[in-house]
Amino acid sequence: MNGDIDIIIERAGGAEQVAKLTGVGLEAVRKWRQARAIPSKHWATLLRQPGITLADLNPGDAPADDATVAPDGATAALLLADGSVFWGRGFGAHSDGAVGELCFSTGLTGYQETLTDPSFAGQIITFTFPHIGNVGTNDDDCEAGAIAALGAVVRCDPTDPASWRSTASLDTWLSREGKPGIAGVDTRAVTRRLRDGGPQTALLAYPQDGRFDLDALRAKIAAWPGLEGMDLSKVVTCTQSYTWDQGVWERNNAERTVRRRVVAVDYGAKRNILRCLVSAGCDVTVVPADATADDILRHKPEGVFLSNGPGDPAATGVYAVPAIRGVLEAGLPVFGICLGHQLLALALGARTYKLERGHRGANQPVKDLSTGKVEITSQNHGFAVDDKSLPEGCSITHVSLFDGSNEGIRSDRYDAFSVQYHPEASPGPSDSFHLFERFVSLMDEKAGA
Ligand SMILES: NC(=O)CC[C@H](N)C(=O)O
């Protein structure tokens with residue numbers, strides 16, 4: 001791409017146009033800049049070409065720690081706790097500053113499912129795939145009734161939706177849902193920071209008046225306590241029990257006539273988990289996260305499902321663990337996914353910890369230790385079960401082939417098993433659907449069927 005680019009250097013006291021490069025591409029601009037050894041922090045650009053950002057001209061560079069003035073064209077900013085500022089173009093809803101944990105997701109598809117996955121409450125998502133928003137949004141692909149993530153960080157400006165299924169653009173949908181987005185960010189640089197430096201607090205600002213008081217925004221970042229110790233299930237769970245009867249559209253389970261009564265505890269459940277349970281042969285009643293064992297057993301379930309959800313498992317465990325222990329002692333089959341896996345582990349006496357690098361994306365290889373088979377899985381978690389803390393009578397069943405962390409357990413004493421990953425996919429591969437059938441088999445065995 002070649003065009004005219006005005007180079008503006010920003011120094012204390014003001015900005016000065018120092019060059020006009022005509023008919024050049026990005027490479028020429030980078031070389032121009034390198035030849036003059038202009039550091040990032042004195043570097044701003046007024047770009048004549050749409051679609052080029054400051055990040056294009058600073059590939060891999062740390063953005064300026066002391067940047068205080070938004071470069072021309074920037075309407076939004078992503079500030080990290082380490083002091084860095086990424087400028088970009090805002091879309092979606094205006095925000096004076098959404099603060100939370102910044103994470104990255106490597107999924108190539110499914111941004112709508114990702115943004116609505118309740119497990120992302122308290123988090124700002126950086127999408128490593130550059131084209132986000134290009135197929136728009138619709139009413140069917142939501143994993144919950146609202147967007148759970150605090151905001152979206154993307155590389156390219158979302159284009160007009162190109163899909164017959166789209167009913168609203170990403171921009172319109174985010175606006176409607178009151179969530180901000182920022183485009184034009186060097187998401188590779190953001191991701192490297194998280195990969196190398198671990199999880200950190202960040203703030204996404206897309207102010208209506210276009211003004212950025214960076215000191216005030218940094219104070220907001222400093223005041224955010226972090227996800228550790230935070231129970232967010234209570235924020236995203238349902239307020240009342242309800243039944244769920246919709247299955248997965250591409251799975252026809254009509255041949256299964258015997259159905260099993262399952263209570264699903266909603267710590268922030270994704271809809272596709274409920275659909276998979278129905279398709280595997282379950283009649284599902286969903287109960288709120290703080291349901292006690294008695295509340296659960298009142299529904300006379302044949303099995304209990306523990307859902308995914310946001311936040312720190314240890315914090316949610318304060319009320320979830322006693323309920324799960326009651327269900328285990330009642331002798332019911334139990335199946336947990338993600339937060340449900342972590343809570344089951346806590347109930348069995350193990351510990352959880354915060355990962356150095358969370359697993360988020362639809363390309364995570366997991367080995368099933370009993371069969372030796374590898375499944376490509378969908379994942380979204382920042383905490384994990386500490387293998388070493390598993391008590392006797394509890395086995396490790398699955399392991400991550402990325403970092404060796406725990407991906408699944410089974411109890412020898414109870415009919416209970418769980419996985420850290422998301423067998424319901426959405427988005428992602430459905431290699432692991434068989435786990436829902438395994439849960440139903442446990443209930444069949446119990447019923448003597
Ligand atoms: N998807 C989930 O259930 C996430 C579990 C938990 N909040 C974590 O980050 O590890």
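User: What makes the ten strands an open sheet, and in which order do they stand?

Analyst: The order in this predicted model is β11-β13-β12-β14-β15-β20-β19-β18-β16-β17, with mixed pairing. Strands here are DSSP runs of E with at least two residues, and helices are runs of H or I with at least four, numbered from the N terminus. Two strands pair if DSSP finds at least two bridges between them. The edge strands β11 (242-244) and β17 (374-385) each pair on one side only. From one strand to the next the twist averages 25°, where axes are lines fitted to C-alpha atoms, for helices over the stretch in contact, and angles run from 0 to 180 degrees between N-to-C directions. Residues are numbered from 1 along each chain as its sequence is written. Local features need pLDDT of at least 70 and side-chain atom pairs 80 or more, while totals for chains, interfaces and linings use all residues.

User: How do you know that β14 and β15 pair?

Analyst: β14 (residues 303-306) and β15 share three bridges in the parallel sense, and the criterion is at least two, so they pair. V304 stands opposite V334 in β15.

User: Why is the crossover from β14 to β15 called right-handed?

Analyst: The chain passes through helix α10 (residues 313-329) on its way to β15. Such a crossover is right-handed because, with the strands pointing away from the viewer, the path from the first strand over the helix to the second runs clockwise.

User: What makes β20 a partner of β15?

Analyst: Four bridges join β15 and β20 (residues 416-419) in the parallel sense; V334 stands opposite A416, and I337 has V419 as its bridge partner.
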